Amino acid sequence: MWVQLEVFLQTLISGVLLGGLYALIGLGMTLILGVMKIINLTHGQLMMVAMYVAYWLFTLFHIDPYVSLLIAPPLLFLLGMFLQKTLINPVLRVESILPHNQVILTVGIGMVLQNMATIFFTSDYKSTPVDYATDAWYLSDYWKDAPFELSLSYPWTVSFLLAVGITTALWFFLAKTDTGKSIRATAQDRDAAALMGVNVGLMRVITFGLGSALVAAAGCLFIPIYYLFPALGSQFTLIAFVITILGGLGSTMGAILGGLILGIFESMTATYVGMGWAPVGRFAIFVAALVFLPGGVASLLKRKAVTK
Amino acid sequence: MKRSAPLIVLAGMAALPFLGLSSYVMHLLILVIMWSVSGMAWNLLGGYTGQVSFGHAAFFGLGAYCAGLASFHLNISAWYGFPLSIPFVAATALVMGLIVLRLRGPYFVLATLALGEIMRITAENLTDLTQGNLGIMIQRTWVEKTGYYYVILAVAALTFWVVKLLAESRWGYYFVAIREDQDAAESLGINTTLYKTVALTVSAVITGFSGAFYMNYMGYIDPQVVFSLGDISILTIMVVMVGGVATYWGPVVGAVIMVLLAEVIRSLPYVGTAYQTLFGVLLIVIIIYLPNGLVGDRQTLARLFKKKGAAV
């Protein structure tokens, strides 16, 4: 019985830790989707680019991945702004038969990024051998007679805490600063915001940059605990939009909850059904959310707020 | 003249093997026709009905696995994959339709993408049935390419005819009405769910044929290949986007360009496997400058060349 409890709790812990990082990935996408109604299917590829930046900073200059949090996100902020300004904005103005040209465009951008990475860095798996990678805190160190053993991986926990910090910072930015308020106004009603003197075009560019910077931060947090290879991007693009849909489009709180739910659900599937099935669980929960809870977790929160 | 153009092209294509083409050229022709079939099928749903699917690899892979498993488990010819795939693919399309067709716009795009990926991962994990990532290998029927060429040419002719028939019928107008404004179509009494389901099912079954042919022709499949998001779903979309959305010849033109481009780039030194970079660039350029594809925007193209001619 203790063993079963131990397995369950350990799975839960890793699920929550993973979920915190997922939430950060989902936040960037939900911001872009909420403000611009743009599905950014190159989200994970941007994260992959950030991870290569962090990887090379580590390999060449021995800069700790956590320190590259100060370098990679600003770079990706610029890249995101550039993509939005030069490629996505023109397409939004083009008249075409298909309404979803923009989605296909982001797929094209993703393909370019992924294959450029393959050309330059080959498709080998890379990792940053930080010396704390396998360190962990053990329950028995603090509680001698514990009936079961739990461990808390050091890099996972640091990454999780940093993710929480970044999320809080983002919340302050959106809630308190003028730029943040303008972004939220653009998300709510673009025309009204424009009439109130908000530079909607600029907000779009900033939002895309911000979304890219957030996912870049997630990339820096992932690299001490994950392998890096060019095709990793598409996998995380899918994860990002599953979280976004699960949370409810454009909802910040929803993205956080969505990330946590997905993280826990995936850990549980991996432990109790089988490693290979975790992605199936991911998509099953996604399709279920689309069908049964089209507004995502955010709609539940709102409903509760109204009845209160 | 214009009406008989498809027949003339078909006759020309049927005569090609008599020219004694090399086996490599035949291989390219077969690939072009196979991608045309997939493209025409996708176009029915994406181009005419406006429902952009990122999950057509699900049907392609299912068709391929129907053929492969028939040969592997039942010891019958893989050619039975064509009739066998119809009920399986149609049933999958109906179930998928139940889930995705009530969704609109971006939600639809994302849901099809997810369902396609679910099919891939399921195929990878059901190792007892599909052998997982080991894949399935079958005995090919012919050594020569000519037989395969005529089979896929027949499938393509049939597909072209079905798409034309549907697009020019009353149903075709319903499809376009749904694409242009679903609410307006509904308010005029068009049963949008029914017509979207029809478009999805027909599109899926034809894509399944393409997959069944792939199994027969290649002799080997695995889930990573036939259920691939990048190599099947997105390439199918690219064939249509590059060629021309909602046109008869668009997918054919797109398939010619994509297959030839892939071959040329693959043969270049250094680029090798990363040929998709140029695909991506091509896709971006097409979407920005010719959003309706080479055939769809041929007037823009013509104007471009005229201007250049005048300047010289």
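**Figure 1. Packing of helices α10 and α12 in chain A of the predicted model****.** Helix α10 (residues 232-247) of chain A packs against helix α12 (residues 278-292) of chain A at an angle of about 35°, and their axes lie 9 Å apart. The crossing in which α10(A) passes α12(A) is left-handed. On the α10(A) side, the contact is made by A:Gln235, A:Leu238, A:Ile239, A:Phe241, A:Val242, A:Ile245 and A:Leu246. On the α12(A) side, the contributing residues are A:Arg282, A:Phe283, A:Ile285, A:Phe286, A:Ala289 and A:Leu290. Sorted by class, this contact of α10(A) with α12(A) comprises 11 nonpolar, 1 polar and 1 charged residues.

**Figure 2. Area buried between chain A and chain B****.** The size of an interface is often expressed as the accessible area lost when the parts come together. Between chain A and chain B, about 3,600 Å² is buried, and carbon and sulfur atoms give 84% of this area. The contact draws 37 residues from chain A and 43 residues from chain B. Between the two chains, the count of salt bridges is 0.

**Figure 3. The side of chain A that touches chain B****.** Helices α3 (72-93), α4 (101-121), α10 and α12 of chain A each supply at least two residues to this side. The most is given by α4(A), with 12 residues. By class, the side of chain A that touches chain B has 30 nonpolar, 6 polar and 1 charged residues.

**Figure 4. Salt bridge between B:Glu117 and B:Arg120****.** Side chains of opposite charge can pair when their charged atoms come close. B:Glu117 forms a salt bridge with B:Arg120, with the closest N and O atoms 2.8 Å apart. Both residues belong to helix α5 (residues 105-125) of chain B, where B:Glu117 and B:Arg120 are separated by 3 residues, about one turn of the helix. Over all chains, the structure holds 5 salt bridges, whereas the count between chain A and chain B is 0.

How values were computed: Residues are numbered from 1 along each chain as its sequence is written. Chains are lettered from A and ligands numbered from 1 in the order in which they are written. This is a predicted model: local features need pLDDT of at least 70, side-chain atom pairs count only at pLDDT 80 or more; totals for chains, interfaces and linings use all residues. Side-chain values use heavy atoms; hydrogens and water are left out. Axes are lines fitted to C-alpha atoms, for helices over the stretch in contact, and angles run from 0 to 180 degrees between N-to-C directions. Helices (H or I, at least four residues) and strands (E, at least two) are DSSP runs, numbered from the N terminus. A crossing is left-handed if the near helix is turned anticlockwise from the far one by less than a right angle, and right-handed if clockwise. Contact means heavy atoms within 4.5 Å. Ala, Val, Leu, Ile, Met, Phe, Trp, Tyr, Cys and Pro count as nonpolar, Asp, Glu, Lys and Arg as charged, and the others, Gly among them, as polar. Buried area is the accessible area (1.4 Å probe) that two parts lose on being put together, summed over both. A salt bridge is a side-chain nitrogen of Lys or Arg within 4 Å of a carboxyl oxygen of Asp or Glu.
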